[in-house]
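Here's a short walk through one model, going from charged pairs to strands, loops and a surface patch. Have the viewer open as you read.

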Amino acid sequence: MSHTMKHLFVAFNFAWLSAAPAFALDFRIDEETGHIHAAGVNEFGDAEKIKALITLEYKQTHHIVRLFPTLHFSSYGGNMLGALRLGYALREIGVHTNVPANAHCYSACAIAFLGGAHRTVEGQFGVHAARIPGEDRGKSQPTVVEAVD
């Protein structure tokens, strides 16, 4: 495949994924293992969702009171600030984040994933420079950094 064709292929896939319908990040517990599976799009309220899910009762039920709960990601990304907040919550709780072999974690998902106290990647993992919609590309990076500080 030529260099130009590769760029067109990547641009087409990005445009197609961006146009796909958005589904909120859905947290589901595997009752057999106690692992949590998160699939969908990162949103601003995800930190509160995970804090409400990983409670002492959850840890007792799954016999992991002294262990790190495991969160498996499968997400194309979403709201960057929501993902950042989720990452902070995961670090505060002490969660092992994982991208399973048959899954993916791109864009804002990568920000949340990096908040894990322990992290493993078996599937696809991708990052890129963030930007704020409506901003000039040259001005976006400092704006994002200022927003985080």
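Lys49 has a relative accessible area of 36%, so it counts as partly exposed. Keep in mind that this is a predicted model. The side chain of Lys49 meets that of Asp46 in a salt bridge, with 3.6 Å from N to O. Both residues sit in helix 2, which covers residues 46–53, and they are three residues apart, or about one turn of the helix. Is Asp46 buried or exposed? Its relative accessibility is 0%, so Asp46 counts as buried.

Helix 2 has a hand in another charged pair. Lys51 and Glu92 meet through their side chains in a salt bridge, at 4.0 Å from N to O. This one ties together distant parts of the chain: Lys51 belongs to helix 2 and Glu92 to helix 4 (residues 80–93), with 41 residues separating them. Glu92 counts as exposed because its relative accessibility is 61%, while Lys51, at 41%, is partly exposed.

A search of the whole structure turns up four salt bridges.

| Salt bridge | N to O distance |
|---|---|
| Arg28 and Asp26 | 2.4 Å |
| Lys49 and Asp46 | 3.6 Å |
| Glu92 and Lys51 | 4.0 Å |

Asp26 has its place in strand 1, and its side chain meets that of Arg28 at 2.4 Å, N to O. Arg28 is exposed because its relative accessible area is 56%. Asp26 comes in at 31%, so it's partly exposed.

How do strand 1 and strand 2 pair? They run antiparallel, with four bridges between residues 26–29 and residues 36–42. One of the contacts you can check by eye is Arg28, whose bridge partner in strand 2 is His37. The two strands make a hairpin with six residues between them, and in the turn Gly34 takes a positive phi of about 85°.

Asp26 also looks across to strand 2's stretch of the chain. Setting aside residues up to four places away in sequence, Asp26 touches His37, Ala38 and Ala39. The C-alpha atoms of Asp26 and His37 are 7.8 Å apart, although eleven residues separate the two along the chain.

Strand 2 has another partner as well. It runs parallel to strand 3 (residues 70–78), and seven bridges join the two. Ile36 is the residue that stands opposite Leu71 in strand 3.

**Positive phi outside glycine**

His63 has a positive phi, near 55°. You'll find His63 in the loop between helix 3 (56–61) and strand 3. With a relative accessibility of 68%, His63 counts as exposed.

Ser107 is another one, with a positive phi near 60°. Ser107 lies in the loop that runs between strand 5 (104–106) and helix 5. At a relative accessible area of 24%, Ser107 is partly exposed.

**A buried histidine**

His104 is part of strand 5. Why does His104 count as buried? Its relative accessibility is 16%, and the cut-off for buried is under 20%. Which residues does His104 contact, once neighbours within four places in sequence are left aside? The answer is Phe73, Ser74, Ser75, Tyr76, Val99 and Gln124.

Leu114, Val121, Phe125 and Val127 make a nonpolar surface patch of about 340 Å². Within this group, Leu114 is placed in the loop between helix 5 (108–113) and strand 6 (118–121). Leu114 counts as partly exposed because its relative accessibility is 44%.

Key: Residues are numbered from 1 along each chain as its sequence is written. This is a predicted model: local features need pLDDT of at least 70, side-chain atom pairs count only at pLDDT 80 or more; totals for chains, interfaces and linings use all residues. Side-chain values use heavy atoms; hydrogens and water are left out. Patches are made of residues with over 30% relative accessible area and no salt bridge: like charges are joined within 9 Å, nonpolar side chains (Val, Leu, Ile, Met, Phe, Trp, Tyr) within 5 Å. Accessible areas come from the Shrake-Rupley method with a 1.4 Å probe; for residues, only the protein chains shown count as cover. Buried means under 20% relative accessible area, exposed over 50%, partly exposed in between (1.4 Å probe, protein chains only). Two strands pair if DSSP finds at least two bridges between them. Contact means heavy atoms within 4.5 Å.
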